Amino acid sequence: MALLSDLVNMNLSDHTESFIAEYVWVGGSGMDMRSKARTISKPISSPSELPKWNYDGSSTGQAPGEDSEVILYPQAIFKDPFRGGNNILVMCDCYTPQGEPIPTNKRNNAAKIFSHPDVVAEVPWFGIEQEYTLLQKDVNWPLGWPVGGYPGPQGPYYCAIGADKAFGRDIVDAHYKACLYAGINISGINGEVMPGQWEFQVGPSVGIEAGDQMWIARYILERITEIAGVVLSFDPKPIPGDWNGAGAHTNYSTKSMREEGGYEVIKKAIEKLGLRHKEHIAAYGEGNERRLTGRHETADINTFKWGVANRGASIRVGRDTEKEGKGYFEDRRPASNMDPYVVTAMITETTLLWKPN
């Protein structure tokens, strides 16, 4: 008699050419991820060869009940670390039956920006540092914290080891390996300042790939926490008080910034970002005002400032970039619950396409 685990781990590729495609999309809240699976009967080599599909948008907050059909357009393919074999994860965006992007489809506008000739010529690179918090399932309190109580103050937990300082490492390492298996350009992980909080980094990724890879990395993480019976939170300030919030620092460079004389290009780009500070803050995640207080390695939400190696700035430039006269900068304002399509496209639009009056 086969065990359930035997059936779950069955390798289909030895028995059939058919494989399973898990279609993944962003739901109505802008942060919830949804997915469903279908059988594909022949090999494919690009998303365009996959069929479009539909779902009930009235059940995800994305369409009214009387006209509920939303169409999924496959956009990017990744190997499925859960089913293995030839099975795939498919990042999709969402359209009306008439072919118009629905309001929660932020990928469509980002793709337009990244396909602009002036942007294509500059080959924008992104590296996103995604912070998140692991919560105990039934009490929604950080993993490793006493229920209803608090651990010792911050200091011992950042990049720490030990059963009294690092909570959830098995989830973090499982996610790291699953992302590498999937083909995501995950570049590292670390424990964060608040206990129960972790970070992974995706990049460097070019253009629209940054958003596709970050959303699938988030999807994989939430599937792993589901298996582990742990709740995943992207709240930018999960615990009030003297505890660090959670961000999604976004590192950015263009071809001109990476070449000789790039530091001057970087400074001009930062100046433009400062002129549109309010617009960026409005698009950088819900509840960010609870995080950007001027404390806990943040700049105040109403203040724009930049500096070299300054983690209390809106924009941080690294020492190596200053020394070499070229490189990249880090936008430290995005919250952990930001939409990577929105943030990467907005940074690109402001620095490369927007013309100040």
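**Helix packing and nonpolar cores in a predicted model**

Q: How are α2 and α10 oriented to each other?
A: In this predicted model, the axes of helix α2 (residues 107–114) and helix α10 (residues 340–353) cross at roughly 30°. That angle is under 35 degrees, and α2 and α10 are therefore roughly parallel to each other.

Q: How close do the two axes come, and what is the hand of the crossing of α2 and α10?
A: The axes of α2 and α10 come within 9 Å, and the crossing is left-handed.

Q: Which residues of α2 and α10 meet there?
A: From α2, the residues are Arg107, Ala110, Ile113 and Phe114. They meet Tyr341, Thr344, Ala345, Thr348, Glu349 and Leu353 in α10.

Q: And how do the residues of that contact divide into nonpolar, polar and charged?
A: The contact of α2 with α10 has six nonpolar, two polar and two charged residues.

Q: Staying with α2, which of its residues are buried?
A: Arg107, Asn108, Ala110, Ile113 and Phe114 are the buried residues of α2.

Q: What covers them?
A: The cover over the buried residues of α2 includes the strands β4 (69–79), β5 (88–95) and β6 (125–136). It also includes the helices α3 (117–120), α5 and α10.

Q: Turning to α5, at what angle does it pack with α4?
A: Helix α4 (residues 169–182) and α5 pack at about 135°, and their axes are 9 Å apart. The two helices are therefore oblique to each other. The crossing of α4 past α5 is right-handed.

Q: Which residues make the contact?
A: On the α4 side, they are Ile171, Ala174, His175, Ala178, Cys179 and Ala182. On the α5 side, they are Ala217, Ile220, Leu221, Ile224, Thr225 and Ala228.

Q: Now the cores: how many residues has the largest nonpolar core, and which have the most contacts inside it?
A: The largest nonpolar core has 58 residues. Met91, Tyr132, Ile184, Ile220 and Phe329 have the most contacts inside it. Helix α5 (residues 209–228) gives this core its largest share, nine residues.

Q: What is Phe329 in contact with, leaving aside neighbours within four places in sequence?
A: With those neighbours left aside, Phe329 is in contact with Thr250, Asn251, Tyr252, Met257, Ile266, Ala269, Ile270, Leu273, Ile315, Arg316 and Val317.

Technical notes. Residues numbered from 1 in each chain as written. Predicted model: local features only at pLDDT ≥ 70, side-chain atom pairs only at ≥ 80, totals over all residues. Heavy atoms only, no water. Axes fitted to C-alpha atoms, helices over the stretch in contact; angles between N-to-C directions. Helix = DSSP H or I, 4+ residues; strand = E, 2+ residues; numbered from the N terminus. Parallel < 35°, antiparallel > 145°, perpendicular 65-115°, else oblique. Left-handed = near helix turned anticlockwise from the far one by under 90°. Contact = heavy atoms within 4.5 Å. Nonpolar A, V, L, I, M, F, W, Y, C, P; charged D, E, K, R; others polar. Core = buried A, V, L, I, M, F, W, Y, C linked by side-chain atoms within 4.5 Å. Buried < 20%, exposed > 50% of the residue type's maximum accessible area, 1.4 Å probe, protein only.
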